Amino acid sequence: MDISDNKFADCIVMNPPYGGVATDMDKDYFPANLRSSETADLFMAMIIARLREGGRAAVVLPDGFLFGTDGPKLEIKRQLLRECNLHTIIRLPESVFAPYTSITTNILFFDKTQSTRETWFYRFDKPEGYKHFSKTKPLLPKHMEVIDEWWDNREAIPDSDVNGAWKAQKYSVEELEANGFNFDLCGYPHEEEEILPPDELIADYKSQRASLDREIDEKLAAICELLGIGVDAE
């Protein structure tokens, strides 16, 4: 990519579009090894290229960038570690951008002061009382104060709910490379779905449906009683 001097930036803060599919014309602007079909990847490649020496950046990216293993994505992550100092990744919970998107995202903080030596990962959990963020219960600046407190006095934090997992931990660049450039670290525990045999699965679905039908019937009866009408009334 040929970039003129006036196109470089000292500071880049961006939430690039993700989930989109790049056209062939879009990809032609990039070297062959960086031609990803994902728009977020191409924006990340451009950000790395346009960040001036000594500059700093904070970029919101989806989970797919962290654990993706296709060729262009891996090359972009190699460049990020080699050409930049990726010092911090903040893992964000799902629904942060609800109702606009349900895609789980992260904030990558890096600068062009040196190549990466180690990267801190911090998992930001939902505040107490929040099952999901929404338009009426959005993410507020006060919720992020826990990150500010941790940022100034960084320490590893084990996950008390999941044995062997971490809420905050740092990894050397050698560990990241040995992990196949998979940055999906200090993330959120995923519930494992039990795969039942077909007959047990059908029986389980029938049981769930019967329970749901009973719940609906009870609520419908209560509403009809309040209205003074019979359940079978049209």
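These questions and answers go through a predicted model of one chain.

Trainee: How many helices and strands does the secondary structure of the chain come to?
Mentor: Read from the N terminus, the elements run β-α-α-β-α-α-β-β-β-α-β-β-α-α. The total for the chain is seven helices and seven strands.

Trainee: Is T105 buried or exposed?
Mentor: T105 belongs to strand β4, which covers residues 105–111. Its relative accessibility is 0%, and buried means under 20%. T105 therefore counts as buried.

Trainee: Which residues is T105 in contact with, leaving aside its neighbours within four places in sequence?
Mentor: Contact here requires heavy atoms within 4.5 Å. With those neighbours set aside, the contacts of T105 are Y18, V60, L61, P62, D63, R91, L92 and F97.

Trainee: Is D152 buried or exposed?
Mentor: D152 is part of helix α5, residues 145–152. The cut-off for exposed is over 50%. D152 has 69% relative accessibility, so the residue counts as exposed.

Trainee: Which residues form the negative surface patch?
Mentor: Asp and Glu count as negative. D152, in helix α5, is one of the residues in the patch.

Trainee: What percentage of the accessible surface of the chain belongs to carbon and sulfur atoms?
Mentor: Of the 234 residues of the chain, 35% count as buried. The accessible surface comes to about 14700 Å². The share belonging to carbon and sulfur atoms is 52%.

Trainee: Among contacts with a separation of 6 or more, what percentage comes from residues 24 or more positions apart?
Mentor: The count takes in contacts in the chain with a separation of 6 or more. Residues 24 or more positions apart account for 69%.

Definitions and conventions:
Residues are numbered from 1 along each chain as its sequence is written. This is a predicted model: local features need pLDDT of at least 70, side-chain atom pairs count only at pLDDT 80 or more; totals for chains, interfaces and linings use all residues. Side-chain values use heavy atoms; hydrogens and water are left out. Helices (H or I, at least four residues) and strands (E, at least two) are DSSP runs, numbered from the N terminus. Buried means under 20% relative accessible area, exposed over 50%, partly exposed in between (1.4 Å probe, protein chains only). Patches are made of residues with over 30% relative accessible area and no salt bridge: like charges are joined within 9 Å, nonpolar side chains (Val, Leu, Ile, Met, Phe, Trp, Tyr) within 5 Å. Accessible areas come from the Shrake-Rupley method with a 1.4 Å probe; for residues, only the protein chains shown count as cover. A salt bridge is a side-chain nitrogen of Lys or Arg within 4 Å of a carboxyl oxygen of Asp or Glu. The place of a charge is taken as NZ of Lys, CZ of Arg, CG of Asp or CD of Glu.
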